[in-house]
Amino acid sequence: MLSYSFYTLTAVAALLVTCHALCKCPGPGLSWRDGLKGQPHPPRLSDSQDTKFYDVLVNLKHRLSRLEGVLALKEEIREVGEKMLASNGKRVDFASALQSCEDAGGTLATPTNEEENKAILGIVKQYNQYAYLGIKEGEISGQFKYINGMPLNYTNWHRYEPNGKGREKCVEMYTDGSWNDKKCNQYRLTICEF
Ligand code: MAN
Ligand code: CA
């Protein structure tokens with residue numbers, strides 16, 4: 001079975017090839033990432049470099065969409081809007097689930113509309129396991145927020161939920177897609193968004 005790391009490696013290799021072809025590699029001590037976010041001005045390109053850059057980008061886009069096709073076919077990812085969802089199939093407590101999503105460069109899956117809720121539900125059903133969502137209760141009891149502290153703009157609470165009155169600070173998704181506030185130390189499926 002082809003692993004995630006294989007695909008990551010392919011993507012990174014493609015980026016490095018691009019970088020070398022354009023002779024725009026960041027110098028010693030500077031990473032490609034630094035180059036992307038740190039530079040005040042993008043480097044000026046000649047017309048021929050610009051054409052080459054465009055061709056490389058079109059090719060990269062094509063390669064990435066083929067990789068996404070493979071991963072989607074194998075049901076290793078689901079795409080909804082601009083989000084990509086994936087699970088490692090593991091059941092862990094809330095903090096560990098969030099940590100493994102962040103370690104992979106994402107965060108816990110967070111439904112912000114019905115379409116995203118359905119996509120996450122697809123994975124919950126695939127594994128037949130309740131999953132933690134990227135939502136937590138704030139200081140005020142009953143006030144749930146996104147992990148980044150922003151207020152919720154969509155909810156899908158199960159009937160009579162949330163009912164924890166400050167004692168259930170995390171949120172799980174049931175296998176019908178509805179939500180329950182739940183203690184954070186339970187073992188639930190990890191689903192990440194990227
Ligand atoms: C359990 C917990 C609660 C939930 C109730 C619903 O006690 O999972 O979070 O609200 O069941 O009956
Ligand atoms: Ca509850």
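Is Asn-163 buried, partly exposed or exposed? Select Asn-163: its relative accessibility is 37%, so the residue counts as partly exposed. The classes are buried under 20% relative accessible area, exposed over 50% and partly exposed in between, with a 1.4 Å probe and protein chains only.

This is a predicted model, where local features need pLDDT of at least 70, side-chain atom pairs count only at pLDDT 80 or more, and totals for chains, interfaces and linings use all residues. Residues are numbered from 1 along each chain as its sequence is written, chains are lettered from A and ligands numbered from 1 in the order written, and side-chain values use heavy atoms, leaving out hydrogens and water.

**Stop 1: the calcium ion**

Select ligand 2, the calcium ion. Its coordinating atoms come from Glu-161 (OE), Asn-163 (OD1), Glu-168 (OE), Asn-180 (OD1), Asp-181 (O) and Asp-181 (OD), at 2.2 to 2.6 Å. Donors are N, O and S atoms within 2.8 Å of the metal (3.2 Å for Na, K and Ca); water is not among the atoms, so sites may look incomplete. Along the chain, the donors are spaced E-x1-N-x4-E-x11-N-D. Asn-163 sits in the loop between β5 (144-146) and β6 (170-173), and Asn-180 in strand β7 (residues 179-182), so the pair ties together parts 17 residues apart in sequence. Helices (H or I, at least four residues) and strands (E, at least two) are DSSP runs, numbered from the N terminus. Now select Asn-180: at 4% relative accessibility, this residue counts as buried.

**Stop 2: ligand 1**

Show the residues around ligand 1: Glu-161, Asn-163, Glu-168, Asn-180, Asp-181 and Lys-182. Each has a heavy atom within 4 Å of the ligand. Then look at the oxygen atoms of ligand 1. One is 2.5 Å from a side-chain N or O atom of Glu-168. For the side chain of Asn-180, the corresponding distance is 3.0 Å. At Asp-181, a backbone N or O atom lies 2.9 Å from a ligand oxygen. On its own, ligand 1 has 300 Å² of accessible area, and the protein covers 52% of that. Areas come from the Shrake-Rupley method with a 1.4 Å probe.

**Stop 3: the β5 to β6 loop**

Select Tyr-160, in the loop between β5 and β6. Its phi is near 75 degrees, a positive value in a residue other than glycine. Tyr-160 is exposed, with a relative accessible area of 65%. Move to Pro-162, in the loop between β5 and β6. A cis peptide bond joins Glu-161 and Pro-162, with omega about -5 degrees.

**Stop 4: Glu-75**

Finish in the loop between α3 (47-73) and β1 (78-80), where Glu-75 is found. Phi of Glu-75 is positive, near 55 degrees. Most residues other than glycine have a negative phi, and most peptide bonds are trans.

Key. A polar contact is a pair of N or O atoms within 3.5 Å; within protein, one must be able to donate a hydrogen and the other to accept it, and residues adjacent in sequence count only if both atoms are side-chain atoms.
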